[in-house]
Amino acid sequence: MQRLVDRLLAAGGVQAGRLRDSGVRRGSDVGLDELHQLPFVTKQDLWDHYPFGLRAAPETDVVCIHGTSGTLGRQTLVPYTAHDMDVWSEVMARALAGAGVTRRGLVHNAFGYGLFTGGQGLHQGAMRLGASVLPVSGGGTDLQLRLMLDLRPDVLCCTPSYAIYLGESFRSTGITADQLSLRIGLFGAEPWTEQMRIEIERLLGLRALNIYGLTEIIGPGVACESLDSEGLLNIAEDHFYPEVIGTDGEPVPDGEPGELVFTTLTKTGLPLLRYRTGDVAAVCGPVPGSARTLRRMTRVIGRSDDMLIIRGVNVFPAEVEAVLLEDDRVAPHYLVVEDRRDSSRPELRIAVEPYSAAEDAAVLERDLAAALQQRLGITCVVRMFAPGHIPRATSGKARRVVRWNHGV
Ligand code: ADP
Ligand code: K
């Protein structure tokens, strides 16, 4: 922490200015206990100082640049130094090892390669671990399937929605889970539920684990489930110090959900002190008695920007997903439409797809609307579409939320 603060102060710029304004002159002025009194950094700060205004290392030390997927519309670019790349490979190798990947492993990496951090992060981590990596990237289902059958990888990495898409595409060509060699899957980059995990495990015949990260902090590898982490994600806390805050910006106790805030303890290219991620989750201690002593976090329920507020009720799309997929008739494809065309009466419309074309639409729609009302307290309009009619995530992150505004 102290080294980070010294680094930020030495670099000058926005973060240094704010630290000085809060009375911090040197690293030894602040301990972890005082961290919660220091100012936040937000996505807006990165946008305001686009592209590299918050960089803390000299330009000559930068060895590569990645960017956010731009899910929220505007892009953020992040410079990495050789040291950052080293930290990233290490946390990713740790994540893969915790998931049971070994040097004998072959990682079929179907995360996208490019500005997006998914592909590169898994790639380096697998190499650092000493496994082999197959950089297939997203898209091209025929190639994905051929490589999977010819090379028999034991590990698959991609977004959960793409995992579903791959599984369904394989199945449509007559290939079932028992013909595949997959043992472990690391899925992330978008919110997903326990119900989705069951669907993926059934389709692909593997153990599905959750990996979390964001470009601003490093990329994937900020936290990852391991075989022994009991359903929560181990945070690489020695590099990315977590806090959870309420809507008032104040810390919430362990185990209570709130917005995740990370401080990058070791990064040098773009070190961030108290970066507000916008992602909602809870943080808690390690598994009691476990050799892993770092703290864990729950799955991310959603990002605050994706929260739907319908007639005063707040819901995340993932909460809708959990209710929908609990119903055995419903396939893992859905869309949530926030309909504000009539501003006096906003509606939540939900498009679902059944497994069977023979499903009675009226009955299914009524049952799901009742389940959503009972579980989430929201009244919504559910519409069933024929199997195959809801758009698939054919490479990266799924788009589950559509907003219809006045005049659209
Ligand atoms: P963008 O914000 O443009 O999508 P990134 O590609 O850096 O940029 O994606 C990071 C974001 O993806 C996180 O802030 C989080 O909202 C989401 N995310 C990443 N991994 C997970 C995960 N395992 N579960 C839920 N959300 C995730
Ligand atoms: K190897």
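**Reading the model step by step**

Guide: We may begin with a charge and a ring: the charged end of Arg-276 sits over the ring of Phe-40, 5.1 Å from its centre. Please bear in mind throughout that this is a predicted model.

Visitor: Which residue lies over the face of Tyr-80?

Guide: That residue is Lys-267, at 5.8 Å from the ring centre. To count, the charged atom must be within 6 Å of the ring centre and within 35 degrees of the ring normal.

Visitor: How many aromatic pairs does the structure hold?

Guide: There are five aromatic pairs. In one of them, the rings of Phe-187 and Trp-192 have centres 6.0 Å apart and planes at 85°, so this pair is edge-to-face. Phe-187 is buried, at 0% relative accessibility, and Trp-192 is buried too, at 2%.

Visitor: How does one read a nonpolar core?

Guide: The general idea is that, in soluble globular proteins, nonpolar side chains tend to be buried together. In this model the largest nonpolar core has 49 residues, and those touching the most other members are Leu-186, Tyr-212, Phe-240, Leu-260, Phe-262 and Met-297. Helix H4 supplies the largest share of this core, eight residues. A second, separate core has 44 residues, among them Leu-182, Ala-208, Val-330 and Val-352.

Visitor: What is Tyr-212 in contact with, leaving aside its neighbours within four places in sequence?

Guide: Its contacts include Pro-220, Val-222, Leu-233, Leu-260, Phe-262, Asp-279 and Met-297.

Visitor: How is strand pairing read?

Guide: One asks which strands pair and in which sense. Strand E18 (residues 330-339) and strand E19 (residues 347-354) pair in the antiparallel sense over seven bridges, and Tyr-334 has Val-352 in E19 as its bridge partner. E18 also runs parallel to strand E21 (residues 401-404), joined by four bridges; there, Val-336 stands opposite Val-401.

Visitor: Why is E18 described as largely enclosed by the rest of the structure?

Guide: The reason is that ten of its ten residues are buried.

Visitor: Which strands form the edges of the open sheet of nine strands?

Guide: The order is E4-E3-E5-E6-E7-E8-E9-E14-E13, with mixed pairing. The edge strands are E4 and E13, each of which pairs on one side only. E3 and E4 pair in the parallel sense over three bridges, with Leu-106 opposite Ser-132 in E4.

Visitor: Finally, which protein donors does the potassium ion have?

Guide: They are Arg-103 (O) and Gly-130 (O), at 2.4 to 2.8 Å from the ion, which is ligand 2. Arg-103 lies in the loop between helix H4 (82-98) and strand E3 (106-109), while Gly-130 lies in the loop between helix H5 (117-129) and strand E4 (132-134), 27 residues apart. Arg-103 is exposed, at 64% relative accessible area, whereas Gly-130 is partly exposed, at 24%.

Technical notes
Residues numbered from 1 in each chain as written. Chains lettered and ligands numbered in written order. Predicted model: local features only at pLDDT ≥ 70, side-chain atom pairs only at ≥ 80, totals over all residues. Heavy atoms only, no water. Donors = N, O, S within 2.8 Å, 3.2 Å for Na, K, Ca; no water. Helix = DSSP H or I, 4+ residues; strand = E, 2+ residues; numbered from the N terminus. Buried < 20%, exposed > 50% of the residue type's maximum accessible area, 1.4 Å probe, protein only. Core = buried A, V, L, I, M, F, W, Y, C linked by side-chain atoms within 4.5 Å. Contact = heavy atoms within 4.5 Å. Phe/Tyr/Trp six-rings, centres within 6.5 Å; stacked < 30°, edge-to-face > 60°. Pairing = 2+ DSSP bridges.
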